[in-house]
Amino acid sequence: MNKIGLIIRREYVTRVRKRSFIIMSIIGPLLFASFMVIPAWMAMSEDQEVKKIAIVDSSNLFMNVIQNTEYLKFDYLYNTKLNDIKDHFREAGYYGVLYISHIVASEPNSVVFYSDTQPSQATTMYISKAIEEYIRDQKLKAYEIEDLDNILKSVKTRINIRTIKITDSGQEKESHTGIVMVVGYAGGFLIYMFIFIFGAQLMRGVIEEKVNRIVEIVISSVRPFQLMMGKIIGIAMVGLTQFMIWVVSTFILVSIASSLLFPELNMTPTETVITQDIMSAGTVENQPQAPSEEMTELMGAFAALRNIDFGVMLGSFLFYFLFGYLLYAAMFASIGAAVDSETDTQQFMLPVTIPLILSLFVLINAINNPDSSIAFWFSLIPFTSPVVMMARIPFGVPYWQVFLSMGLLVATFLAMTWVAAKIYRTGILMYGKKASYREMLKWIRHG
Amino acid sequence: MDIFTADSIVKRFIHTTALDRVSLSIPKGSIYGLLGPNGAGKTTLIRIINQITAPDEGQLFFNGKSLSPDHIRNIGYLPEERGLYKKMKVGEQVIYLARLKGLSKSDAQAKLRNWFEKFEITDWWNRKIEELSKGMQQKVQFIVTVLHEPELLIFDEPFSGFDPINADMLKNEILSLREKGSTIIFSTHDMGSVEELCDHITLIDKGKTLIDGPMENIREQYRTNTYEVGFQGDPERLKTALNKHYELIDTTREKDLFRVRIRLLHHTTDNELLSLLLPVVHIVSFNEVYPSVHDIFIRVVKENKGK
């Protein structure tokens with residue numbers, strides 16, 4: 001095995017065996033899977049419990065206005081004062097008390113829901129929507145429009161926007177802006193995180209070798225450049241391994257959890273689309289009540305997930321992860337070589353952290369507006385492109401932009417490594433002397 | 001035959017010239033002392049021999065061939081600042097470092113097993129370096145240096161951190177390595193061990209070579225015409241017998257035996273001194289005092305300071 005291969009192997013094996021790596025490999029997928037599954041599960045399980053809600057209506061306007069759903073049952077209490085029920089609604093078998101004051105039409109804050117648990121957003125939204133619509137209808141009625149009831153029925157069409165993206169080859173693909181944003185954000189954020197975590201690991205590794213003085217023994221056998229590249233590549237492979245473990249185990253965990261928790265979701269894509277079509281276009285009256293709004297959302301999201309080109313996503317993720325890391329790794333390695341201890345690194349961290357944190361800010365802009373000029377420029381600049389471009393790719397980016405951005409990134413990585421190698425070569429053999437930017441410039445010029 | 005030659009090596013750093021036309025020839029099979037005060041340029045020179053850094057000017061030869069990365073296998077280096085990966089296991093670590101030198105895995109394992117048996121440390125194989133005492137770490141470091149059986153070994157302050165027993169063991173190992181045909185460059189401030197081990201020395205200061213050659217020649221060159229006389233009798237009589245051609249340096253007494261050190265001045269000879277003293281006291285011993293390496297070191301560096 002050649003020498004650089006030996007170094008890569010050592011870096012890889014010692015790091016993968018570390019307890020922290022193993023713990024991260026277990027905790028990561030658990031966290032990601034629970035981020036994906038728990039909110040959906042909570043939204044669903046909440047509605048599966050039948051809740052009885054008492055209505056105390058001092059305006060006397062809302063009799064039979066709020067319709068029962070599968071999980072929400074409303075009791076309109078006549079001649080009951082709020083104080084009679086407020087303190088013992090539990091004993092009476094109610095989940096909560098809805099109080100509507102008599103000034104409800106003019107004062108929007110006069111509807112109060114009393115309960116000893118926080119009601120779900122779906123519950124409060126359902127109630128407020130019913131009341132709003134009823135008040136609006138009543139106000140419309142005051143204009144005495146002919147045949148108003150029928151007009152109202154026919155205008156109440158529920159719209160759920162489906163976005164269909166037409167790809168270059170003319171195929172229609174269903175996309176779902178929400179899920180594309182999540183995928184873009186996750187991709188960019190993961191790269192940001194990986195660069196920081198593994199860049200810092202690399203820097204610590206370089207400092208450790210320097211402080212231990214083992215570096216002198218190693219570079220009496222290999223060239224400093226071989227040692228530096230061996231470390232950089234070895235740690236990159238650790239990162240990739242960690243990422244692969246995360247992706248595969250998260251996928252397995254989510255699959256298991258979703259088949260256990262939501263068997264309804266395991267429909268074929270066509271079934272999903274059909275049910276969705278019925279739900280989105282039908283008038284309120286025709287709508288089957290069973291699938292709740294969250295279910296529709298969830299199914300739409302899953303359908304959209306299926307339509308993101310994961311081949312392209314994964315390919316570009318791996319590219320930007322690898323070269324983004326390599327670019328920053330060169331910087332982290334030269335910082336590690338220039339200092340004598342980890343506490344001295346702070347003064348040099350700024351040029352590394354500022355573009356990284358900046359790219360995180362632009363990332364948020366880019367997922368909301370992937371074709372804005374900020375997103376465009378920052379997805380070309382090599383120091384921010386790995387994070388920002390990842391956010392844009394799920395939305396579809398012209399090929400020339402992607403290739404230009406990749407080319408710039410590779411070129412900058414090569415230049416940065418060339419500079420870093422010079423700093424590294426001089427720095428690892430310098431002890432005691434506090435390095436400064438000016439000193440490092442000299443190392444580059446004379447190295 | 002010289003195993004290693006350096007010819008007019010110049011190495012400049014940003015602010016200083018660390019080596020200014022330094023030359024040395026290291027004979028095969030010698031123990032070659034590389035001496036010099038702190039900051040003289042020894043470490044830079046050692047790093048150049050190890051190809052850690054490249055000289056700005058000058059040529060280097062290993063066994064008559066221009067020094068190249070192929071020679072890394074043939075050189076073993078024990079740096080002054082010892083260092084190993086603290087969290088790595090002993091066996092794994094030594095084999096890794098040996099493979100970096102170019103040894104095959106199976107070769108390294110077999111050789112390492114021999115050394116471990118020799119030092120009776122076989123049960124350390126799976127211990128982490130940080131679990132070992134400092135002396136134990138030193139032993140591991142020594143094995144790292146010699147495992148690939150290099151022709152040229154460079155020891156920078158090898159005895160620092162060793163207790164006397166282990167230092168002695170190390171000394172014997174170094175001598176037996178020389179017996180087996182290795183050449184040893186030995187850099188230290190411990191003049192006693194230089195005296196004991198080295199057959200060649202070079203002394204550099206401020207980037208320049210001040211002394212270079214076989215130990216006998218250097219002693220010869222720096223002899224001060226001083227003799228030690230052991231005698232019985234009256235030291236006062238001896239003192240009055242000495243004329244202006246002799247300088248009495250000191251007198252010591254051990255029961256009825258006296259020792260004086262006398263420097264001969266103005267081209268007088270040892271025979272003249274003997275014949276002067278014979279009638280005065282009863283002479284028990286008579287021998288020339290050669291300067292110690294310590295004395296030579298101090299004298300040469302002081303003279304150089306004046307320049």
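1. Basis. Residue numbers start from 1 along each chain as its sequence is written, chains are lettered from A and ligands numbered from 1 in the order in which they are written. Because the model is predicted, local features need pLDDT of at least 70 and side-chain atom pairs count only at pLDDT 80 or more, while totals for chains, interfaces and linings use all residues.

2. Chain A overall. Chain A holds 16 helices and 6 strands; helices (H or I, at least four residues) and strands (E, at least two) are DSSP runs, numbered from the N terminus. Of its 447 residues, 32% count as buried. A residue is buried if 20 or more other C-beta atoms lie within 10 Å of its own, exposed if 12 or fewer, and partly exposed in between, with C-beta atoms placed from the backbone. Among contacts in chain A between residues at least 6 apart in sequence, 72% join residues at least 24 apart; two residues are in contact if their C-beta atoms, placed from the backbone, lie within 7 Å.

3. Chain B overall. Chain B has 10 helices and 14 strands, and 34% of its 307 residues count as buried. Its C-alpha trace spans about 75 × 45 × 35 Å along the principal axes. For contacts in chain B between residues at least 6 apart in sequence, the share joining residues at least 24 apart is 71%.

4. Six-stranded sheet of chain B. An open sheet of 6 strands has the order β6-β7-β8-β3-β9-β10 with mixed pairing; two strands pair if DSSP finds at least two bridges between them. Its edge strands are β6 (75-78) and β10 (208-214) of chain B, each pairing on one side only. From one strand to the next, the twist averages 15°. Axes are lines fitted to C-alpha atoms, for helices over the stretch in contact, and angles run from 0 to 180 degrees between N-to-C directions.

5. Pairings within that sheet. Strands β3 (residues 31-35) and β8 (residues 183-187) of chain B are parallel, over 4 bridges, and Tyr32(B) has Ile185(B) as its bridge partner in β8(B). In contrast, β9(B) and β10(B) run antiparallel and are joined by 6 bridges. His200(B) stands opposite Pro214(B) in β10(B). The hairpin of β9(B) and β10(B) has 2 residues between the strands, and Lys206(B) takes a positive phi near 50° there.

6. Helices across the sheet. Helix α1 (residues 42-49) of chain B lies across β3, β7 (152-156), β8 and β9 (200-205) of chain B, at about 155° to β7(B). Helix α4 (residues 134-146) of chain B lies across β6 and β7 of chain B, and runs at about 160° to β6(B).

7. Four-stranded sheet of chain B. A further open sheet has 4 strands in the order β2-β1-β4-β5, with antiparallel pairing. β2 (17-27) and β5 (65-66) of chain B are the edge strands. β1 (residues 2-12) and β4 (residues 57-62) of chain B pair over 5 bridges, and Phe61(B) in β4(B) is the bridge partner of Thr5(B).

8. Nonpolar cores. A nonpolar core is a set of buried Ala, Val, Leu, Ile, Met, Phe, Trp, Tyr and Cys residues joined through C-beta atoms within 7 Å. The largest has 129 residues, and Tyr325(A), Leu326(A), Ala333(A), Val94(B) and Ile154(B) touch the most other members. Helix α11 (residues 310-338) of chain A gives the most to this core, with 17 residues. Beyond four places in sequence, the contacts of Ala333(A) include Leu202(A), Met228(A), Lys231(A) and Tyr424(A). A second, separate core of 16 residues includes Val56(A), Ile66(A), Phe74(A) and Ile127(A).

9. Val362(A). This residue sits in helix α12 (residues 346-368) of chain A. Val362(A) counts as buried because it has 22 C-beta neighbours inside 10 Å. Leaving aside neighbours within four places in sequence, Val362(A) is in contact with residues including Ile374(A), Phe378(A) and Val388(A).

10. Contact between the chains. Chain A contributes 16 residues and chain B 19 residues. On chain A, α1 (3-16), α7 (214-218) and α16 (437-446) each supply at least two residues of the side that touches chain B.
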